[in-house]
Amino acid sequence: MMAYSRLLLAALLLAGLSSLTHPAQARGWHDERADVPQTVSATCDNQDFLSKQLAYENGGAKADTPVHICGKVIAVSPNAKRTRSGWHGYFYVAVSPSVSIRIVSGLDEMHAPAWPWVAKGDQVDVVGRYYYDSIRRQGVDWTHHGTGRSWHVPGYVTVNGTKYD
């Protein structure tokens, strides 16, 4: 009986602790959804991105989705940051006169020079995975060439005509 109580207590603790996992940390564990497209447009499609963003903000399903966006870089984090999944570089792209989006580049996975390889004012073309956790926690990641168990669309960033993947 005591062993059963310990197992039950352990199960309850694990169930409670799993709810403390931040949604962004759990993103890699999302089940693959059949309704998420497995390709992106061959050309930049900011209107498609803006439509998806608006749907998410209005309460639509928030599944990670592939996007192909372009625009001018409006801000760059000058220093790479180490997260539990490796080194990342961050910058913001204006996709419309009133909307910008954070781009997350997995530097360990990309074929690119030392960070920062993008500067304010650069023109970029980005293919990656749009994630939306909340209005303040959204962006485009998976901007590198690789794919994985949870993501099947290779990404890239083209900066002033030079492609980094």
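A residue is called buried under 20% relative accessible area, exposed over 50% and partly exposed in between, with a 1.4 Å probe and protein chains only. The model is a predicted one, in which local features need pLDDT of at least 70 and side-chain atom pairs count only at pLDDT 80 or more, whereas totals for chains, interfaces and linings use all residues. Residues are numbered from 1 along each chain as its sequence is written, and side-chain values use heavy atoms, with hydrogens and water left out.

**Nonpolar cores**

A nonpolar core is here a set of buried Ala, Val, Leu, Ile, Met, Phe, Trp, Tyr and Cys residues joined through side-chain atoms within 4.5 Å. The largest such core has 23 residues, and those with the most contacts inside it are Ile69, Phe91 and Trp117. At least two of its residues come from each of α3 (46-57), β1 (65-76), β3 (86-96), β4 (99-106), β5 (123-134) and β7 (156-159), and β5 gives the most, with four residues. These helices (H or I, at least four residues) and strands (E, at least two) are DSSP runs, numbered from the N terminus.

Contact means heavy atoms within 4.5 Å. In soluble globular proteins, nonpolar side chains tend to be buried together.

The contacts in the table leave aside neighbours within four places in sequence.

| Residue | Relative accessible area | Contacts |
|---|---|---|
| Glu57 | 34% | Tyr132, Ile135 and Gln138 |
| Lys72 | 46% | Tyr92, Val93, Ala94, Gly121, Asp122 and Gln123 |
| His144 | 9% | Glu109, Met110, Pro154, Gly155, Tyr156 and Asp165 |

Glu57 has its place in helix α3 and counts as partly exposed because its relative accessible area is 34%; although Glu57 and Asp133 are 76 residues apart in sequence, their C-alpha atoms are 9.9 Å apart in space. Lys72, in strand β1, is likewise partly exposed, since its relative accessibility is 46%, and from Lys72 to Val93, 21 residues apart in sequence, the C-alpha to C-alpha distance is 5.6 Å.
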